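Work through the exercises below with the structure in view. Try each task before reading its solution.

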Amino acid sequence: MHALNTFAIRTRKLARTTLASALIAGLALPATGQTVQDDAAAMPDTSLNVPEGLTIFGKQDPNVRRATAIVNSEIITGTDIDERVALILAANDAPVSDEERQRLRLQVLRNLIDETLQIQEAAANDIKVDENQVERTYAQVAQQNFRRDTGALDKYLASIGSSPRSLKRQIRGELAWQRLLGRNVTPFINVSEEEVKEVIERLKANKGTEEYRIGEIYLSANSQNRAEVAKNAAQIVQQLQQGGSFVAYARQFSEASTAAVGGDLGWIQLGQLPPALGVVARDMQVGQLAGPIEIPGGFSLIYLIDKRQVLTANPRDALLGLKQLSIAFPPGISEADATRRASEFASATRQIKGCGAADEIAKQLGATVTNNDQVPVRELPAPLQDTLLALSIGEATQPFGSVKDGVRVLVLCGRDDPSADGGPSPEQLMANMEEEKVNRRAQIYLRDLRRDAVIEYN
């Protein structure tokens with residue numbers, strides 16, 4: 001899946017990963033409004049004692065609310081929201097309707113409220129973020145994620161209707177939250193040696209069985225809003241299929257605790273998933289998106305990041321030696337002529353018998369030859385990964401390309417297979433388990449801050 005760049009700085013691991021190393025991913029623009037339907041379905045059993053067949057007196061339309069708020073006496077202005085929205089819109093190629101823009105403003109407002117609460121809680125705990133650290137991180141982000149110096153980034157942000165102030169505030173919020181967790185959460189997280197040993201024994205017992213690394217976007221639903229949530233989920237799928245970043249959609253819209261890490265469930269076995277998700281995931285290919293899938297309590301979208309066999313070498317860790325033969329089409333060529341030339345190219349390249357013969361055939365075709373050594377399989381597009389892993393040395397892929405980009409084939413010249421995976425070390429396992437516990441505790445911490453906050457909407 002192609003991930004669009006955007007300008008929201010988030011850390012994958014809340015307590016450990018540096019801001020400058022975080023990839024900037026595209027944000028989604030699905031509908032998030034929900035309506036209450038008048039049906040006779042029973043409400044879920046909760047302690048709220050909500051009656052069945054309820055009637056709402058008056059009309060509350062969240063799309064009418066102006067996107068400003070006062071959070072514990074601190075104002076979030078319309079300009080704050082406009083500048084964050086501008087960052088997101090600049091990263092999305094698809095046009096945005098007025099309705100989608102308004103829904104996006106409401107989502108950005110929710111994010112800014114959380115950010116404000118995090119900064120306030122850090123200040124209440126006498127945690128200060130040095131301005132020099134914010135500037136250094138801003139400079140790193142400018143170079144690593146935008147390929148610009150800070151002056152050029154300042155001008156770019158202004159040109160799209162945002163500002164350096166908005167991005168620096170987000171950096172400050174991330175730094176404050178990390179330091180707060182480092183003081184109030186991380187020191188109290190403990191993973192015992194017995195827990196680690198239990199995981200190691202479980203890995204050994206499951207050696208050779210399939211494991212899946214899955215990303216999930218979860219949207220909760222009940223009998224009253226089920227249809228609307230399903231519609232919203234379908235709109236998210238559509239945006240993802242058009243090139244949106246799954247990680248960014250999950251971070252902005254998933255209601256699961258894994259939203260903070262882009263929906264990444266980590267390496268799991270299918271039995272750990274709800275049955276409906278496990279059935280779908282079993283037949284998915286790496287890089288494939290599925291959903292919306294109805295599960296108890298709502299809907300899920302899942303993305304298969306990778307799969308492997310426990311404690312077994314992963315073929316996608318192999319390094320390939322490849323020779324690429326490519327031909328370009330002249331400008332203005334008709335689709336019929338391009339198809340004919342591609343067919344001729346395909347027929348000729350099928351005759352390749354080893355890399356030694358590829359250069360001669362390329363010369364006959366007038367093709368360009370490019371040699372690539374030590375290419376990691378997992379860095380190639382997902383469809384090519386499976387194709388190349390199925391080839392023997394000296395065989396070529398089927399031609400691929402387009403009228404615009406020309407046609408090419410890859411010839412497999414060599415493959416260095418990975419050694420058997422011995423699994424993570426006890427130290428790695430302990431660190432991963434600690435990170436998971438910190439992330440779960442961080443979500444609870446933020447939930448409590450929201451619950452106790454005084455928030456006035458304007």
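**Exercise 1.** In what order do the strands of the open sheet of 4 strands lie?

*Solution.* The model is predicted: local features need pLDDT of at least 70, side-chain atom pairs count only at pLDDT 80 or more, and totals for chains, interfaces and linings use all residues. Residues are numbered from 1 along each chain as its sequence is written, and side-chain values use heavy atoms, leaving out hydrogens and water.

Step 1. Find the strands: strands (E, at least two residues) and helices (H or I, at least four residues) are DSSP runs, numbered from the N terminus. Two strands pair if DSSP finds at least two bridges between them.

Step 2. Read the order. It is β4-β3-β6-β5, with antiparallel pairing.

Step 3. β4 (264-268) and β5 (289-295) are the edge strands, and each pairs on one side only.

Step 4. From one strand to the next it averages 30°. Angles run from 0 to 180 degrees between N-to-C directions, with axes as lines fitted to C-alpha atoms, for helices over the stretch in contact.

**Exercise 2.** How many bridges join strand β3 to strand β6?

*Solution.* Step 1. Locate β3 at residues 210-220 and β6 at residues 298-309. Step 2. Step 3. Check one partner. Glu 216 is bridged to Ile 302 in β6.

**Exercise 3.** Which strands does helix α7 lie across?

*Solution.* Step 1. Take α7, residues 226-241. The helix lies across β3, β5 and β6, at about 170° to β5. Step 2. Turn to α8, residues 246-253. This helix also lies across β3, β5 and β6, and runs at about 45° to β3.

**Exercise 4.** Is Glu 211 buried or exposed?

*Solution.* Step 1. Step 2. Apply the cut-offs: buried is under 20% relative accessible area, exposed over 50%, partly exposed in between (1.4 Å probe, protein chains only). Step 3. Glu 211 has 8% relative accessibility, so Glu 211 is buried. Step 4. List contacts (heavy atoms within 4.5 Å). Not counting residues up to four places away in sequence, Glu 211 touches Leu 203, Trp 267, Ile 268, Gln 269, Lys 307, Arg 308 and Val 310.

**Exercise 5.** Which residue does a disulfide join to Cys 355?

*Solution.* Step 1. Look for cysteine sulfur atoms within 2.5 Å. Cys 355 is joined to Cys 413, S to S 1.8 Å. Step 2. Cys 355 is in helix α11 (residues 355-365) and Cys 413 in strand β10 (residues 406-416), 58 residues apart. Step 3. The S-S torsion is about -105°, so this disulfide is left-handed. Step 4. Cys 355 is buried at 17%, whereas Cys 413 is partly exposed at 30%.
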